[in-house]
Amino acid sequence: MANNAATLELETGFSKNAIDALSQLKNEPDWVHARRLEAWHLYEETPLPAPNDELWRRTSLADLKLDAAIAFVPAMNGTTPSLPEKFQQIANDANAGGVLVQYNSTGAYARLADQPSKRGVIFCDLDAAIREHPDLVKPYFMTQAVTYSENRYASAKPSTTKSGKHEGGGYGNTIGDMKFAALHGAFFSGGTFLYVPRGVVIDLPLQSLTYFDAPNLAMFTHTLIVVEEGAAVTLIENYASKENQAQRFSNGAVELILKPGASLRYFHLQDLARNVWHFTSQTALMDKDASLTWLTGTLGSAVTKAFLDCKLQGAGANAALLGFFFGDGKQHFDQHTFQNHIAGHATSDLLYKGALKDNAYSVFRGLIRVNPDAQRSDAYQANRNILLSQHAHADSIPELEIEANDVRCTHGATVGPIDPEQMFYLMARGIPKVAAERLIVEGFFDPLMQKIPLESIREELTQAIQTKIGM
Amino acid sequence: MSDELVIRNLHVQVEGKEILNGIDLTIRKGEIHAIMGPNGSGKSTLANTLAGHPKYQITKGDILYKGESILEWGADVRAQKGIFLAFQYPMAIPGVTVANFLRTALNARRKATGSNGSSKAISIPEFRKLMLQKMQLLKLDQSFATRYLNDGFSGGEKKRVEILQMAVLNPEFAVLDETDSGLDIDALRIVSEGVNALAGPNLGVLLITHYQRILNYIKPQFIHVMVGGRLALSGGPELALQLEEKGYDWVKENGHVVK
């Protein structure tokens, strides 16, 4: 962090000038500045997704305001950030092997237990990683996983699904996530860097917390995790922000790099305030025999638009892709998952579960692609949605693009209210209607909650879900 | 009067179709009644109607519990006041453990029963002790406490867990809807012993069954035969044996309503 960061301010809006100022503020090396400019160039060349763009037509950008945003507000030097109480409790959880706290655009606090530290694990904010470990950041940072130079969705040609619902012709000239990944590449700040050296197995989960409250701040957090050969680690990330009237913009990226035999459990939990438009591009690269559990939890934001791409590049890779979401009010969640089988003999197993009440709307669009060479792939996908009000709505769109002939692939989607027979069963035991609904919805999410390895976070999530159910 | 369940001229429709055509039956505490009858005669409709399933519409008649009509009570209120239905097909509730479900149900019942001194929520250790004791009665392994309710249970396990619920909730009036169906002989014995252990002067039981088999284990004082949505024949325990011998067609030909 530059010494005088707190005293300088960026102009509002996104511009080349703002990038130059940001790089200067951070005192960044030239290569980082050059990459920002390259990304900015692409951002300017790429149009905003059109209303009829196949991957954007369910999320209108008409109300998105980018002009008033400020791309960078550093954490105050020398002061303790005023984190909400629930975050402080989570941050102090002794069962975590390390904690990173990001406040507004920069890292504010870092702790790593002795054991992982002595074994060469690096766990710090991305600005620090760029300064201190450029050789570890440079090869991976937006070069292989989340990139703004390749439109990975434009080439997709999913076949008609069993339900016959697909409009046909693939995604055509979709912008995919390029526009916002490029903007992210131009303005990223703070974020999490985690590096686990070869063969190092870390048992205690690590966690990072990101919180922002600065007016008009646009957030560009970037998570980069590199797990070397045979290494194993768990990271839990929580995102939250202060409730505020004005619209806010968050545009994050997550890159998960798993080398041969690496094992990663990654949890991405988002409970942002209801004024935030949250865009996120996340990609996992899985080498041979790598093992990944990747869970996303979406509770907050006004609008969430997520692209989650799992690239199985090595034989024997095994990915469990899990998600839960709970929308209320007018929340709008639009999530794309991509089980991208590049190498054969790999497994991906996806389960996304959502509950929606009030006027909430969710889209789950899950693409399974099996490349011609990816024989003996196993790809499974299930999306379950519970509608808790007549005005809530969920679209579930499984899409298959299978080009190999020796694969096992299943997909299933359900959308509907709580089963009235389940309700009757619980009520016939004396449990009132609202409590019965609550039990069923909590139970619906429980198998996913049980995956989360820190009890303090599990409790926090359970609380958040109970609040949403409204008791 | 006070400790009776009275079914009076009960007519019930399901999706516009009349299933029950005037049932009259009084069950006192301490009594065990069995309703037998062929498939489709309306036995399960009666069970679900008593428990308050919203799909079953009462078009005529009344159900009185301790002198009060229960027609306006929801399923939850009926259960809180001590009416219990052991389901023919218990629902799986994935994600909700047996223990969590039972404690929630027990606390709802305690809260509603109010003034009898047990209206406070049960403490977790006290609940655990109660549950484990009742699980022993049903020969259920302790591990069932943390399993998701009926999720992946065998037919016999589901029925044993139904009676476990009955044992924990301690109702005053229980309807057992084909609790014997789908049970092998060992499971039938365990379930029956469970019911017998709970039966007594403070419990009224309505046992609904297609087969005579369960009556080798549970001994009702009264047997009723349901045919075409009516109780066509009523009598003592000997009636079950007659039925076993002569079949339901005998009742259809010779039946008459006994009040």
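Me: How many residues does the contact take from chain A and from chain B?
Reply: The contact takes 21 residues from chain A and 23 residues from chain B. Two residues are in contact if their C-beta atoms, placed from the backbone, lie within 7 Å. This is a predicted model, in which local features need pLDDT of at least 70 and side-chain atom pairs count only at pLDDT 80 or more, while totals for chains, interfaces and linings use all residues. Residues are numbered from 1 along each chain as its sequence is written, and chains are lettered from A and ligands numbered from 1 in the order in which they are written.

Me: At what angle do H8(A) and H9(A) pack?
Reply: The angle is about 120 degrees, and the axes are 9 Å apart. Axes are lines fitted to C-alpha atoms, for helices over the stretch in contact, and angles run from 0 to 180 degrees between N-to-C directions. H8(A) and H9(A) are therefore oblique to each other; angles under 35 degrees count as roughly parallel, over 145 as roughly antiparallel, 65 to 115 as roughly perpendicular and the rest as oblique.

Me: Which residues make that contact?
Reply: H8(A) contributes Gln422(A), Met423(A), Leu426(A) and Met427(A), and H9(A) contributes Lys433(A), Ala436(A), Leu439(A) and Ile440(A). By class, these are 6 nonpolar, 1 polar and 1 charged.

Me: Why is H8(A) largely enclosed by the rest of the structure?
Reply: H8(A) is largely enclosed because 6 of its 8 residues are buried. A residue is buried if 20 or more other C-beta atoms lie within 10 Å of its own, exposed if 12 or fewer, and partly exposed in between, with C-beta atoms placed from the backbone. The buried residues are Gln422(A), Met423(A), Phe424(A), Tyr425(A), Leu426(A) and Met427(A).

Me: What covers them?
Reply: The cover includes H9 of chain A together with helix H2 (75–80) and strand S7 (93–97) of chain B.

Me: Moving to chain B, how do H4(B) and H5(B) pack?
Reply: Helix H4 (residues 124–137) and helix H5 (residues 155–169) of chain B pack at about 135 degrees, with their axes 9 Å apart. H4(B) and H5(B) are therefore oblique to each other. The residues in contact are Leu130(B), Met131(B), Lys134(B), Met135(B) and Leu137(B) of H4(B) and Leu164(B), Ala167(B) and Val168(B) of H5(B). They divide into 7 nonpolar, no polar and 1 charged.

Me: Is Gly354(A) buried or exposed?
Reply: Gly354(A) counts as buried, because it has 26 C-beta neighbours inside 10 Å. Gly354(A) is found in strand S16 (residues 347–356) of chain A. Not counting residues up to four places away in sequence, Gly354(A) touches Phe324(A), Phe325(A), Phe326(A), Ser362(A), Asn385(A) and Ala394(A).

Me: And Lys246(B), buried or exposed?
Reply: Lys246(B), in helix H7 (residues 238–246) of chain B, counts as exposed, with 12 C-beta neighbours inside 10 Å.

Notes
Helix = DSSP H or I, 4+ residues; strand = E, 2+ residues; numbered from the N terminus. Nonpolar A, V, L, I, M, F, W, Y, C, P; charged D, E, K, R; others polar.
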